[in-house]
Amino acid sequence: MSDANSSIINGGCFCGAARYQVTGRPILSAYCHCTLCQRLNASAFILSVHFSSTNFSWTHDEPHLNSIESYSVSTKPWKIRWRCKNCGCCIASNNLQNNKWSVYGGQFDRDENGKIIGWETIKPTAHIFYETKMIDIQDDLGKWAGYEGVSERLA
């Protein structure tokens, strides 16, 4: 992974039945504090990493739908979320409006020390939807009302 533009990062669900691969550099990598991410992941915030659809692929055994199922929420029906049929872990989402996939930091493969493999390629650059934060984060990353660079910077 010396060349970040050609990097390959793998991830998947808790039980390992559903797996994916992303390649290249992400379009966005940020800690998301939106209320939808909070509720869907039972967490104050998540690491959400966005890639072009051409940079995402499922890598578990085919047919892929034997291991995964899709669902959407009424407020964003164009965003198809995917979870493992076995362990229920939410793995990724496909935004049909902008042809992007989002994967979540907790599901990336780790090394023997528990560190995310490929961290330098996918490390976050901001906090997004920070107005609905549950906790205040004291770090040097920018805090944005919406998406980084296209919304109001809060801090």
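Helix H1 (35–41), strand E4 (46–52), E7 and E9 each give at least two residues to the lining of the second largest pocket. Helices and strands here are DSSP runs, numbered from the N terminus: H or I with at least four residues for helices, E with at least two for strands. A word on the source: this is a predicted model, where local features need pLDDT of at least 70, side-chain atom pairs count only at pLDDT 80 or more, and totals for chains, interfaces and linings use all residues. Residues are numbered from 1 along each chain as its sequence is written, and side-chain values use heavy atoms, with hydrogens and water left out.

Next, terms. We work on a 1 Å grid over the protein atoms alone. A cavity is a set of points where a 1.4 Å probe fits but cannot get out; a pocket is an open set with protein on both sides within 12 Å along at least five of seven lines. Lining residues have an atom within 4 Å of a point. Grid points are joined across faces, edges and corners, and a volume is the space filled by probe spheres set on the points.

Back to the second largest pocket. Its space is about 180 Å³. Of its 16 lining residues, Cys-32, Cys-34, Cys-37, Lys-76 and Lys-79 are the closest to the centre.

Now the largest pocket. It holds about 210 Å³ of space. Its lining has 13 residues, with Leu-28, His-50, Asn-98, Lys-100 and Tyr-147 nearest the centre. Strand E7 (76–84) and strand E9 (100–104) each supply at least two residues of that lining. Which strand gives the largest share? E7, with 3 residues.

What about cavities? The whole structure has 1 cavity of 30 Å³ or more. The largest cavity has a volume of about 30 Å³. Cys-37, Leu-40, Asn-41, Tyr-71, Arg-81, Cys-90 and Tyr-104 line this cavity. H1 contributes the most to that lining, 3 residues.

Last, a sheet. It is open, has 3 strands in the order E1-E2-E5, and pairs antiparallel. Two strands pair if DSSP finds at least two bridges between them. Strand E1 (8–12) and strand E5 (56–58) are at the edges with a single partner strand each, so one side of each has no neighbour in the sheet. Strand E2 (residues 19–23) pairs with E5 over 3 bridges, in the antiparallel sense. Tyr-20 stands opposite Trp-58 in E5.
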